[in-house]
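This report describes a structure for a reader who is new to the subject. Please look at the sequence and the structure below before reading on.

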Protein chains: 2
Amino acid sequence: MKFSTKGRYGLKAMFDLAVNHGEGPITLKNIAHRQDISEHYLEQLIATLRRAKLVKSVRGAQGGYMLNHPPEEITVGDIIRSLEGPVGPADCVMDADSDECSNQESCVTRLVWARIQESVNDVIDTTTLADMLEDQEKMNNKKNYMFYI
Amino acid sequence: MKFSTKGRYGLKAMFDLAVNHGEGPITLKNIAHRQDISEHYLEQLIATLRRAKLVKSVRGAQGGYMLNHPPEEITVGDIIRSLEGPVGPADCVMDADSDECSNQESCVTRLVWARIQESVNDVIDTTTLADMLEDQEKMNNKKNYMFYI
DNA sequence: TGAATTCCAAGTATTTTAGTCGGAAATATT
DNA sequence: AATATTTCCGACTAAAATACTTGGAATTCA
């Protein structure tokens, strides 16, 4: 029930871009270094994010990547789903056309999976990169307060 | 972000035992057949459930498995965790001693993973096998109603 | 005694994960 | 124009996890 490194690294990278939003293109090298991710591997992930139109790129020297939308308009769900595919605890609640389970409508365990999926979706679809930036602010304020007492 | 067959088959098997609760030992063969699971594979899973004291077994001819507690007292979380280990979207929120992430307390993505974990835990820890039996009842009632109109 | 059944330990094929490798194409700077 | 920087692209790969299978020993009921 873990996300793979795709989703986990992907969110870290996107948050990094959110922190540096508005400062022109950010190189993959810098993101990879700051977030401690293999550069070549992150390249694959960001290619997926680019195809999903979550980031845009500038090629050539002084190029790099930028968010394709303001942080308020990008949810954690957008990021995770583009990298991991549909989110959920079992196939039968993820794809509409999962014929794996023969007794679709009368399956009680399916109800449980559906509740889990719903609650995860609720979190990831209501959390934006802007929310994460706010969280960061709060953390820093608290840290500074702790430092001065 | 899927559960493996361990958790999925395990819940199905436990629900099967809940349906047949109070009717003496149920053979693995029957459970495996009804739930369409490889008998030998289910054997491994139920061994884990036995060690976790969620089921008890009766050996020999006419033997089988029974719930070790009434359905009201067994949660989906008990079952899943015994088979899958700790539940959560990333290591840093699952094990207390995950040194994977160096900046534990100031990591914003970690906050997101923590929220996801909390919401999943909430579902699986508040859903018991008895709740699932109730869901089954409701489904059957609805089906019968649909049939008669 | 014999059939049914749980218990146990190993082995294995397939898939997924988490990358690596090598180079082509584009662009800014000098 | 040359060079350095950077994205883009496709193929390859080692290691781990998944989802089993195999074979047989131990236990109990009839």
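## Terms and basis

Two strands pair if DSSP finds at least two bridges between them. Helices (H or I, at least four residues) and strands (E, at least two) are DSSP runs, numbered from the N terminus.

The model is predicted: local features need pLDDT of at least 70, side-chain atom pairs count only at pLDDT 80 or more, and totals for chains, interfaces and linings use all residues. Residues are numbered from 1 along each chain as its sequence is written, chains are lettered from A and ligands numbered from 1 in the order in which they are written, and side-chain values use heavy atoms, with hydrogens and water left out.

## The hairpins

In chain A, strand 1 (residues 55-58) and strand 2 (residues 64-67) are paired antiparallel through four bridges. Val58(A) has Gly64(A) as its bridge partner in strand 2 of chain A. Five residues lie between the strands of this hairpin, and Gly60(A) has a positive phi near 80°.

Chain B also has an antiparallel pair with four bridges, formed by strand 1 (residues 55-58) and strand 2 (residues 64-67) of chain B. Here Val55(B) stands opposite Leu67(B) of strand 2. The turn of the chain B hairpin holds Gly60(B), with a positive phi of about 80°.

## Two helices in chain A

Two packed helices are described by the angle between their axes and the distance between the axes. Helix 1 (residues 5-19) of chain A packs on helix 2 (residues 28-35) of chain A at an angle of about 115°, and their axes are 10 Å apart. Axes are lines fitted to C-alpha atoms, for helices over the stretch in contact, and angles run from 0 to 180 degrees between N-to-C directions.

Lys12(A), Ala13(A), Asp16(A) and Leu17(A) of helix 1 of chain A meet Ile31(A), Arg34(A) and Gln35(A) of helix 2 of chain A. Contact means heavy atoms within 4.5 Å.

## How the two chains meet

Chain A can be laid on chain B by a turn of 180° and a shift of 0.0 Å along the axis, with an RMSD of 0.1 Å. The two copies are therefore related as by a two-fold rotation axis. Copies are superposed by least squares on the C-alpha atoms of residues with pLDDT of at least 70 in both.

In the interface, 38 residues of chain A contact 38 residues of chain B. Because 100% of the interface residues of chain A are also interface residues in chain B, the copies meet through the same surface.
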